[in-house]
Amino acid sequence: MTSPDLVTRPQWQALKKHFAQSGQQHLRDLFAADSTRSERFTVEACGLYLDYSKQRIVDQTMRLLRELAECCGVPERIQAMFRGERINTTEKRAVLHIALRAPAGEKISVDGRDVVEDVNTVLDRMAEFCEQVRDGTWLGHSGKRIRNIVSIGIGGSDLGPVMAYEALRHYSRRDMRFRFVSNVDGTDFVEATHDLDANETLFIICSKTFTTLETMTNAHAARAWLLKQSGTEHAIAKHFVAVSSNAEEVQKFGIDSAHMFRFWDWVGGRYSMDSAIGLSTMLAIGPDHFRQMLAGFHAMDEHFRSAPLERNLPVLMALLAVWNNNFLAAATVAVVPYDQYLKRFTAYLQQLTMESNGKHVTLDGKQVGYATGPVYWGEPGSNGQHSFFQLIHQGTRIVPCDFIGFGQPLNALGDQHDVLMANLIAQGEALAFGKTADQVRAEGTDEALVPHRTFEGNRPSNTILAAKLTPHALGTLVALYEHSVFVQGVIWNIDSFDQWGVELGKQLARKTIAELSPKTLPNLSHDSSTNALIRRYRQLRDSDHPGGVA
């Protein structure tokens, strides 16, 4: 039996009516009328403090949103995920990234097999390997210590490890260098390796199938680079390890299957940073810190599974996202972490959110009649204030913001952390309340400039605070967004765990690669634009003139 269309549900219609009646209320008025607002619209769990009082909501809004979540089956779907049911319906897979951080001794089964035991077996192997590399027991083929780690992957196999390394660099080994290669553009590989000694370099090849075009192209470039410097095939075994589930392809490449770290088809790439895909993270920060990060993930998992909807951090974030996306018509979300270590956090969230919920059909294959996943973007504060904040403050589009900050700095330098956090707090205040024309005039501003210096305000934001950016805190933050994305998908009745949209471009690229390679131009059967672009590229590539075609 198919579920009713979302927009026909009484709960959706009630929200629509509620928005028509009160959705334009200004935050200035809401705060003026309610002295307890900032207390009632905050919630704290797992070391994270969420203030959502600057969202354009009232108590009735949240009650109606919770009723929508309940009628869409959010509580039941949460429990189904934790039971290991195949909630990724189009691929008929369980969705168990939660098992990656479950403590030893817990039981989560897929087809009757306890996957937590498998996960912890891999984690123990990872820890043993990392300790060997970090303490110098594992040596390169020439007897030198490994000092350089180059992780090769793409998508979730790259964005997660890059983000985690940057986020936790404070805890990393400073006598080791960590580089990441994802782009099939040769520049990415060349720049990552140009100053490295092959005898001191370990490559981690991250590909579940070990057939991903971009990853394997870079892997073979790494193999050729190593062989050119070492001169022997025997070097491969000491300078390459694999994170994969395809032992046969790993062995074909020349990597001993004993040096392959497994992950499973119930782990989506964008949910895999705490699996063996995080091997580079563990090498950087050490097994103990890695397990602290997993504990942070698990703490949020348990909160998500057990907390009531009205106090459930991921659920609240999801309900606010649905409200902003579908009723305030906010097509984008800016995520602005006020911590330089989180400079890649938003890039990571872009894949997590948009690959998950960028869907145009429901679970039963029907065209959706409403907006689904918004565009996520952003940069660290305070840099963002001097680039895109002008549009957020005075532009014509509503851009909800998530501000993320920490009470204590990892690198104390005078009063700079106070200055940083003052900016975070001030931005939320400015977005919410703006500045009226009368306030501008009261400052003695020339009347001709009053419109230019007026700020409308009423721009929604969340503020998330934690004590300090620790491995545990990073785990809670990532899990918060993972589960929020899932709840949004449940309400929109879409599959947040498949990614068919990435396949078409890959298929066409394989065909085009074959047409670019031959010396003689084959018969082309694309549209006229694509055919012309193939011909022009070949002319530019094969021209003797450095500037292009003569």
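I begin with N218, which counts as buried because its relative accessibility is 3%; buried here means under 20% relative accessible area with a 1.4 Å probe and protein chains only, while exposed means over 50% and partly exposed lies in between. The model is predicted, so local features need pLDDT of at least 70 and side-chain atom pairs count only at pLDDT 80 or more, whereas totals for chains, interfaces and linings use all residues. Residues are numbered from 1 along each chain as its sequence is written, and side-chain values use heavy atoms, with hydrogens and water left out.

N218 sits in helix 9, residues 213-230. Helices (H or I, at least four residues) and strands (E, at least two) are DSSP runs, numbered from the N terminus. What is N218 in contact with, leaving aside its neighbours within four places in sequence? The partners are I152, V181, S182, N183, V184 and F189, contact being heavy atoms within 4.5 Å.

F189 also belongs to one aromatic cluster, together with F203, F210, W225, F240 and F253.

Five strands form an open sheet in the order 6-5-7-8-9, with parallel pairing; two strands pair if DSSP finds at least two bridges between them. At the edges are strand 6 (177-181) and strand 9 (260-261), each pairing on one side only. Strand 5 (residues 148-152) and strand 7 (residues 201-206) run parallel and are joined by five bridges. Within strand 7, L202 is the bridge partner of I149.

Next, helix 4, residues 59-71. Its 13 residues should span 18 Å at 1.5 Å a residue, and its end C-alpha atoms are 19 Å apart, which agrees; the expected span is 1.5 Å times one less than the number of residues. Buried in helix 4 are T61, M62, L64, L65, L68 and A69. They cover an arc of only 165 degrees around the axis, which puts them on the same side of helix 4; the arc is that of the directions from the helix axis to the C-beta atoms. These buried residues pack against helix 1 (10-22), helix 5 (74-82), helix 14 (313-326) and helix 19 (471-492). Just after helix 4, G73 has a positive phi of about 85 degrees.

Finally, the structure holds 25 aromatic pairs. Rings of Phe, Tyr and Trp (its six-membered ring) pair if their centres lie within 6.5 Å; planes under 30 degrees apart count as stacked, over 60 as edge-to-face and the rest as tilted. F486 and F497 form a tilted pair, 5.6 Å centre to centre with 45 degrees between the planes. Both F486 and F497 are buried.
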